Structure formats: structure tokens, C-alpha cells
Amino acid sequence: MPLLTILNRQISWTPLLVLGYLFYLLLGAMVFQLLEKQAETHFRDQFQLQKLKFLQNYTCLDRQALEQFVQVLMEAWEKGVNPEGNSTNPSNWDFSNSFFFAGTVVTTIGYGNLSPSTVAGQIFCVFYALFGVPLNLAFLNQLGKGLNAHLITLERWVQKPGRAQVVQTLAVAIFLTTGTLLFLVFPPLVFSYVEGWSYGEGFYFTFITLSTIGFGDYVVGTNPNKHYIPVYRSLTAIWIVFGLAWLALVFNVGANLMEKFLQLKWHKPDLSLAEGDTTKLEDEPEQPRIHIPS
């Protein structure tokens with residue numbers, strides 16, 4: 001077990017890691033509360049104000065009827081039906097959208113904006129995920145091994161004798177930069193163009209998706225006012241799979257580097273004390289032996 005040496009006492013760093021993890025969660029909670037709570041209050045007040053104005057403009061409606069209509073809208077949204085537009089909106093369950101949904105199930109992204117509404121669909125989804133999630137993990141594992149093999153090959157190439165340190169650093173940087181461009185930089189440009197989002201919103205969707213967080217606040221192909229090509233969401237699902245493998249490799253490398261850094265820092269013996277003891281022994285004069293005749 002990795003140990004931390006403090007004042008010549010060895011302490012397990014696992015409790016420190018647990019405390020650091022909890023501290024990180026508490027820090028996130030405080031920052032999110034500080035940033036979002038006031039905005040939520042503002043939006044809630046604006047919504048209540050809009051309802052009051054609606055009742056004032058349409059005096060034939062009472063508050064109860066309006067609340068019932070809002071409930072209908074909420075139920076429609078929970079069932080994956082966008083309240084905007086009309087009945088001519090494209091189906092959420094055509095083949096392309098169903099393919100995209102299947103990808104979100106096996107990758108455990110789960111945006112939450114669409115889910116099966118029938119009992120048969122819900123039961124099938126359970127068993128589909130039961131076998132699909134392990135299959136997805138096995139596939140991503142093999143894909144990650146392939147990417148890792150290329151990374152190892154690159155590492156061996158740059159570590160050959162005679163390679164300049166600049167060349168080694170440049171080769172690794174090219175490998176990481178290529179993946180970053182393919183999966184984190186260029187896709188937001190496409191999503192911004194197709195969906196009408198800002199680049200920041202596109203990048204937010206990209207990272208939240210590939211990290212399998214999947215809040216569902218931004219989902220591609222759901223705007224009823226836009227006309228998408230039939231394979232748009234299917235291509236997005238394929239991009240998600242390969243992006244998951246690449247980002248998982250990056251996270252794995254980062255976790256390994258962090259663990260090695262902690263072990264190197266906390267496992268490092270106190271060389272100064274060891275050297276001091278050695279010097280003391282070497283400098284100590286040899287005690288004369290007293291021979292006692294028998």
C-alpha cells in the first residue's frame with residue numbers, strides 16, 4: 001500500500017485520497033450553488049410572471065386550467081415529444097434516432113430527453129443494456145488497446161538513442177493534438193453550424209457527451225425547426241463511440257500519471273536521513289579493541 005512519510009512516520013495515503021475526493025465534491029457543490037442558484041431563482045420568477053401575464057391576457061382561463069396545460073406540456077417533454085412545432089415534426093423513433101438512442105444506452109450516456117414509454121420497450125431496454133453495456137466495455141477496451149499500442153510504438157520510436165528531447169516532446173504532442181482536434185475541437189464547429197449553437201455550447205456538449213455525463217440539456221438533432229439529414233444522428237453515435245475510446249485512454253493516462261506522481265512523491269525515502277546516518281557511521285572512529293589475556 002502506498003505510504004506517505006511524515007516526520008519519519010509512514011502513513012497510508014488512502015485516507016488522504018478519500019478526504020481529497022470529498023473535499024473536491026464539497027468544493028464543486030459550493031461553486032455550483034454560488035453560480036446557479038441565483039439564476040434558477042431568476043428563471044423561476046420570470047416563469048411565474050409569464051404565467052400571470054398569460055392569465056391576464058386570456059381571462060377565459062383560470063389558474064387551474066393553466067397548471068393542467070403546463071402539466072400536459074411537461075408529460076409530453078418527458079415522453080420525448082417536443083412541445084414546439086406541430087404533428088409534422090419528425091419522429092423520435094425513426095431508425096436514425098433509434099440507432100442514436102441505442103448508442104446512448106450501451107455507452108451509459110443516458111441524456112434523459114428520450115426514453116421508452118411502453119412496457120415492452122422498457123423491458124427490452126433493461127435486457128438490451130444488460131448485455132449491451134458489457135459488450136460496449138469490451139469493444140472500447142479493445143479499441144483502447146489499439147490506441148494504446150500506437151502510443152507505445154510512438155513512445156519506443158521517440159526513445160531511441162540519438163532522438164533529441166525536442167523531437168520526443170513534439171511526437172507525443174502531435175499524437176495528443178490529433179485526437180484533441182478530431183474529438184474535441186472540430187466537432188463543436190460542426191454542431192454549432194448544424195444546431196445553431198455557439199462554439200462554447202458545442203464544446204460543452206462534446207465534452208459532457210464523451211465523458212458519459214450526459215445531462216441532456218443539449219442533444220443533437222432535436223430542434224423541430226431544423227431539417228437534419230437522415231444519417232446525422234447515426235454518424236454522431238459512431239463519433240461518440242470512437243471519442244469515448246480516445247477520451248477514456250486520455251483519462252487512463254492522466255490517472256496513471258497522477259498515481260505515479262503520488263507514489264513517487266510519497267514513496268520516496270528520506271534520502272537525507274539515510275545519507276546522514278551513513279555519514280555518521282563512516283565518520284565514527286573505530287573503537288579500539290581491548291584484548292583480555294586469558
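**A tour of the predicted chain**

Start by selecting Glu 40, which at 43% relative accessibility counts as partly exposed (buried means under 20% relative accessible area, exposed over 50%, and partly exposed in between, with a 1.4 Å probe and protein chains only). This is a predicted model, in which local features need pLDDT of at least 70 and side-chain atom pairs count only at pLDDT 80 or more, while totals for chains, interfaces and linings use all residues. Residues are numbered from 1 along each chain as its sequence is written, and side-chain values use heavy atoms, leaving out hydrogens and water.

Then select Lys 51, a buried residue at 9% relative accessibility, whose salt bridge with Glu 67 brings the closest N and O atoms to 2.6 Å. This pair links distant parts of the chain, with Lys 51 in helix α1 and Glu 67 in helix α2 (residues 63-78).

Finally, colour by pLDDT, the predictor's confidence in each residue from 0 to 100: helix α6 (residues 199-210) has the highest mean, 94, and helix α8 (residues 271-283) the lowest, 47. Where pLDDT is low, the predicted coordinates should not be read in detail.

Note on methods:
Helices (H or I, at least four residues) and strands (E, at least two) are DSSP runs, numbered from the N terminus. A salt bridge is a side-chain nitrogen of Lys or Arg within 4 Å of a carboxyl oxygen of Asp or Glu.
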